[in-house]
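Here are my notes from a pass through the model, in numbered points. Have the structure open while you read.

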2 protein chains.
Amino acid sequence: MEILSENRAFGGVQGVYSHASEATGTDMTFGLFLPEEARGGPVPILWYLSGLTCTHENAMVKAGAQGWAAVHGIALCFPDTSPRGDGVADDEAYDLGKGAGFYVNATQAPWAPHYRMWDYVAEELPRIVTRNFDVDEGRQAITGHSMGGHGALTLAMGRPGRFRSVSAFAPICHPTASDWGRKQFTAYLGSVEAGADHDATLQMRQLGFDGAVLIDTGTNDQFGDHLGTEHFAAAMAERRQAGQLRLQKGYDHSYFFVSTFMEDHLAFHAEALWS
Amino acid sequence: MEILSENRAFGGVQGVYSHASEATGTDMTFGLFLPEEARGGPVPILWYLSGLTCTHENAMVKAGAQGWAAVHGIALCFPDTSPRGDGVADDEAYDLGKGAGFYVNATQAPWAPHYRMWDYVAEELPRIVTRNFDVDEGRQAITGHSMGGHGALTLAMGRPGRFRSVSAFAPICHPTASDWGRKQFTAYLGSVEAGADHDATLQMRQLGFDGAVLIDTGTNDQFGDHLGTEHFAAAMAERRQAGQLRLQKGYDHSYFFVSTFMEDHLAFHAEALWS
């Protein structure tokens, strides 16, 4: 593993690291914030999955999460959203290919060899982070924004027992019924139907989540029609899933929205991680 | 004035606006955060001047200031660091020309016609902001980072009575004795000596500041040799200037450093602005 940078931040360290990934067959880069408490032994970790077009860096510099993570003594990990590099397939559209891995394992050409972001985020990266840093494998939580909110919800329900709590900012909730989902599942997996296991609304109906759930979405989200929030809200209510879905008046899809509610999300996860 | 964007943030609005500037003879863009309190009448304002290579946008998305401004009911303004546009002189170096206005009025070709950032930030923009938004002209404070810290200190001492408090993150403190200063004063003003009125250490020796001063600089600042912190520290002590100069262990020059101490700076200015 290579250290790309380490900056002191909020009493801890914000690092950026690169490593060869077995899952994607490429080098992968991630950000990791370790609070001061990590010097005294393993700390809980919150995974932050990012949205379309993002790298590991966007949320790391714009979401305002480290200060609240420091308050609660929690590590933060910011994975990339796709494989990168010259040999990796791409598309001209912003919502397919690089920056748009959608947290699935592609089965279709030309995506199949490298686009294995499910395996990377669900298996390989947690192993690397918990083995190389003072992070407690037994206390994990997950959050994300937009496509990353989709990733957070589907990982939380798809890996029962792994995460104590899940939250999301303006998540894509029902990708099999959205332009943000149908296109990507068709390309990466061969059909919309093949994405059923990666649809938070369908998972909520069938599986639910054994822990606390917090969703924030803005009432002025310019991509609101793509999110399918209403379907996830109905599924949560039908299932009697413990949790909160908050519609925040006047907020849009930007990092200004994300950073506004970051304090609440860190406090929410801290309660689950430290109990 | 043209609205480029307005995003709801921390209960208020983060806007970006463009206007024709008389000072620079170009269009200029600035960011303005108005807290929720601004709906009930004029609020105090904190000016944030940015460093080399920055536009109005960097600090607006990376410094983590809006949340704390909202806590204290204070507006934030993020000016650009130079004139922009095709007809504006530039240099290949990152520290001269666009992104490097140094908060002076250039007298030398090719800079003279547009590089009038002192007039822009000291006179024109405050007039525009206080006339067009619910901002209280009588309650102003100023801060900045690196070159913007230089701008904040020199404006605070150069416009006595205007600002109730001044702070800075890793400011360039003694530009007439630094590579970050000598080059720019020679280019923009014709000589290093012509920059004497824009040197915070010289101003502190001669003028001081009638209000509170707070400086934070990291002990691991990679540009520490360019900052001249030791000269400003000595000048503050010689003058018996009320204020604090804090050397923060292990911190560097990045926005991770800035955002770490933003909470303290907003609380510091709030005390002066609301008293």
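1. Start with A:R139. Its relative accessibility comes to 15%, and because the cut-off for buried is under 20%, A:R139 counts as buried. Keep in mind that this is a predicted model. The partner of A:R139 is A:D136, and their side chains meet in a salt bridge at 2.7 Å, N to O. A:D136 has 21% relative accessibility, so it falls into the partly exposed class.

2. Now over to chain B. B:R139 and B:D136 form a salt bridge too, with the closest N and O atoms 2.7 Å apart. B:R139 is buried because its relative accessibility is 15%. B:D136, with a relative accessible area of 22%, is partly exposed.

3. Another pair to click on is B:R246 with B:D264, whose side chains meet in a salt bridge at 2.9 Å, N to O. This one links distant parts of the chain: B:R246 sits in strand β9 (residues 244-248) of chain B and B:D264 in helix α9 of chain B, 18 residues apart. Both ends count as partly exposed, B:R246 at 22% relative accessibility and B:D264 at 33%.

4. How many salt bridges are there over all chains? The count comes to 16. Some of them join up: A:E123, A:R159 and A:R162 are linked in a network of salt bridges.

5. What about salt bridges between chain A and chain B, how many are there? The count is zero. Polar contacts do turn up across that interface, with ten residue pairs found, both residues at pLDDT 80 or more. By class, the side of chain A that touches chain B has eight nonpolar, eight polar and five charged residues.

6. Staying with the interface: the contact takes 21 residues from chain A and 21 residues from chain B. The size of an interface is often given as the accessible area lost when the parts come together. Here the area buried between chain A and chain B is about 1600 Å², and carbon and sulfur atoms give 61% of that. A:R8, A:F10 and A:F256 supply 40% of the area that chain A buries against chain B, more than any other three residues. The elements that give two or more residues to this side of chain A are β1 (2-9), α1, α2 (66-72) and α9 (255-273) of chain A.

7. On to the nonpolar interior. In soluble globular proteins, nonpolar side chains tend to be buried together. The largest nonpolar core has 89 residues, and B:V129 and B:Y188 touch the most other members. Helix α9 (residues 255-273) of chain B gives the most to this core, with eight residues. Apart from it lies another core, of 87 residues, with A:V16, A:W118, A:A168 and A:Y188 among them.

8. For B:Y188 itself, leaving aside residues up to four places away in sequence, the contacts include B:L96, B:F102, B:V104, B:W111 and B:Y115.

9. Last, is A:H56 buried or exposed? A:H56 counts as buried, because its relative accessibility is 14%. The residue lies in the loop between β4 (43-49) and α1 (57-62) of chain A. Leaving aside residues up to four places away in sequence, A:H56 touches A:V16, A:T29, A:F30, A:G31, A:F78, A:P79 and A:D80. One of these, A:V16, is also listed in the core of 87 residues.

Key. Residues are numbered from 1 along each chain as its sequence is written. Chains are lettered from A and ligands numbered from 1 in the order in which they are written. This is a predicted model: local features need pLDDT of at least 70, side-chain atom pairs count only at pLDDT 80 or more; totals for chains, interfaces and linings use all residues. Side-chain values use heavy atoms; hydrogens and water are left out. Helices (H or I, at least four residues) and strands (E, at least two) are DSSP runs, numbered from the N terminus. Buried means under 20% relative accessible area, exposed over 50%, partly exposed in between (1.4 Å probe, protein chains only). Contact means heavy atoms within 4.5 Å. A nonpolar core is a set of buried Ala, Val, Leu, Ile, Met, Phe, Trp, Tyr and Cys residues joined through side-chain atoms within 4.5 Å. Buried area is the accessible area (1.4 Å probe) that two parts lose on being put together, summed over both. A salt bridge is a side-chain nitrogen of Lys or Arg within 4 Å of a carboxyl oxygen of Asp or Glu. A polar contact is a pair of N or O atoms within 3.5 Å; within protein, one must be able to donate a hydrogen and the other to accept it, and residues adjacent in sequence count only if both atoms are side-chain atoms. Ala, Val, Leu, Ile, Met, Phe, Trp, Tyr, Cys and Pro count as nonpolar, Asp, Glu, Lys and Arg as charged, and the others, Gly among them, as polar.
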